[in-house]
Amino acid sequence: MNAQNAYSSKAAQDERRSFLDPRTKLALTATLALFVLGGLGGERMEPVKTVLSALPFLLLLVEREWKRFFRGCLMLGIGYGLLVLMPHLPRALGFFALMCGGILTRFVVTVVMGEYLVASTSVSEFISGMEKLRMPAAVTIPLSVMFRLFPTIGAEWKSIRRAMGMRGISMGGGRAGEMLEYQLVPMMTSSVRIGEELSASALTRGLGGPVKRTNICRIGFRAQDWILLGLCLAVFALWILGLFGWEVGV
Amino acid sequence: MNQNETKLGGRDLINVGIYTAIYFAILMAVAMLGMIPIFLPLLSVLVPILGGVPFMLFLTKVKKPGMVFIMAMIMGIMMLLTGMGPWPLLTCAAAGVLAELCLKSGNYRSAKKSVLAYGLFSLWIFGNYLPLFTDYEGYFAQRESYGQAYIDAVSKLMPLWMAPVLLAACFVCGILGGMLGRALLKKHFEKAGIA
């Protein structure tokens, strides 16, 4: 961001604007969850799924999220590697490899999409997108708090595990009860504390107030949004046509 | 009750978000175990018990109708997004209403009712198993890539009579989880000043 541009200036907000509108991202996430992960449409939709699966990776590249992109590729590579290796391994190990590979290849795409959604959407963008969809506050506020908190919970949990590991309280020590008490309890205590501070700051900025909020972040559909939304619609249309027995030669 | 006491404000909704996030994080950590066939039915035991801790802490913040129902519906949406299909949405709605009614009958203050409410709330987990019983072929068609050994193991573990057993396990372990949650509340969270 340019130094002379104030945070709230139009130019600064334009620069921060992400490639896609938050509503498009949500539509894409839902489509991926239903078709790629949920397996809607079965075998017939296989080619469509391949196209859909490539999308989150491309989007990460567009947003210049190199680290996430390579991590996603690595996981996918490990998954397919295990599936390729599987027939050459001894039986017990092969079963394990097949399962891990199957799970990785099935979940990675949606995980990458979720990462893209969380990494590229600010809370303000998410809220203003949801407001434009006329979602009630009862859905918008908890969801935006959740998306804000997930990375925090992850980080807290990691550092608490490390701290407790130093004191010899870790997984696999045969002390499940202790693990529960000394890891879960501090993790929750600190998450709740952080959440309460978050809630104080959100309330001072008028979240949940009786007046309609305004927002400085710029969202709206551009060419790329229309194209991807069109793609989502096309996938659903294909699926519905398939339900009525139409064989589409894709 | 006047308007202010029953209408959900910003702070209530933020609280729903905080505790749903913690509940969901724990659920996901435990659900990873379900990839191993033997743990799949055991999830109906582990999730309610471990989830009881954040849920009972959540209930100390619940003084108005609607919060538990919103949490249940959000769990349904999250399950849809994590590829569990539309069934959890239905069970979440039903479990959310039951838990709300139970809390309401205790005026949102009774300790016993809150444990019972968590048992009822935990019934939503059954929605994740439903496709195993209603759409057997579809369920495994999605999981074909896990290998025939996985499919055989799971279908041996999940005969039809497991359906009521799982439902009952969700409820009973929910009650146990609620009691565990209350015990931890007394031991830790009250001292830490957040309950």
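## Helix α5 of chain B

Helix α5 of chain B, covering residues 87-105, has 19 residues and reaches 28 Å from its first C-alpha to its last, close to the 27 Å expected at 1.5 Å a residue; the expected span is 1.5 Å times one less than the number of residues, and helices here are DSSP runs of H or I with at least four residues, strands being runs of E with at least two, numbered from the N terminus. This is a predicted model, in which local features need pLDDT of at least 70 and side-chain atom pairs count only at pLDDT 80 or more, whereas totals for chains, interfaces and linings use all residues. Residues are numbered from 1 along each chain as its sequence is written, and chains are lettered from A and ligands numbered from 1 in the order in which they are written.

Among the buried residues of α5(B) are B:W87, B:P88, B:G96, B:A99, B:E100, B:C102 and B:L103, where buried means that 20 or more other C-beta atoms, placed from the backbone, lie within 10 Å of the residue's own, exposed means 12 or fewer, and partly exposed lies in between. The cover over these buried residues includes α4, α6 (111-121) and α7 (126-134) of chain B. Just after α5(B), B:N107 takes a positive phi of about 60°.

## B:K113 in helix α6

B:K113 sits in helix α6 of chain B and counts as partly exposed, because it has 18 C-beta neighbours inside 10 Å. Leaving aside residues up to four places away in sequence, B:K113 touches B:C102, B:L103, B:S105 and B:G106, a contact being a pair of C-beta atoms, placed from the backbone, within 7 Å. B:K113 and B:C102 are 11 residues apart in sequence, and their C-alpha atoms lie 6.3 Å apart in space.

## Helix α3 of chain B

The 21 residues of α3(B) should span 30 Å at 1.5 Å a residue, and the end C-alpha atoms are 29 Å apart, which agrees. A kink of about 40° lies at B:G52, shortly before the proline B:P54; the bend is the angle between axes fitted to the seven residues ending at a position and the seven starting there. α3(B) is mostly covered, with 16 of its 21 residues buried.

## Nonpolar cores

The largest nonpolar core has 101 residues, of which B:V68 and B:F121 touch the most other members; such a core is a set of buried Ala, Val, Leu, Ile, Met, Phe, Trp, Tyr and Cys residues joined through C-beta atoms within 7 Å. α2(B) gives the most to this core, with 12 residues, and the core also draws at least three residues from each of domain 1 (18-121 + 222-250) and domain 2 (136-207) of chain A, the bounds coming from an automatic or database domain assignment.

Not counting residues up to four places away in sequence, B:V68 touches B:V62, B:G96, B:A99, B:E100, B:L103, B:A117 and B:F121.

## Where the chains meet

In the contact between the chains, 35 residues of chain B meet 38 residues of chain A. Elements giving two or more residues to the chain B side include α3 (39-59), α4 (67-81) and α10 (162-192), while α2(B) gives the most, with 11 residues.

## Chain A overall

Chain A holds 9 helices and 0 strands, and 28% of its 250 residues count as buried. The C-alpha centres of its domain 1 and domain 2 lie 29 Å apart.

Key. Contact = placed C-beta atoms within 7 Å.
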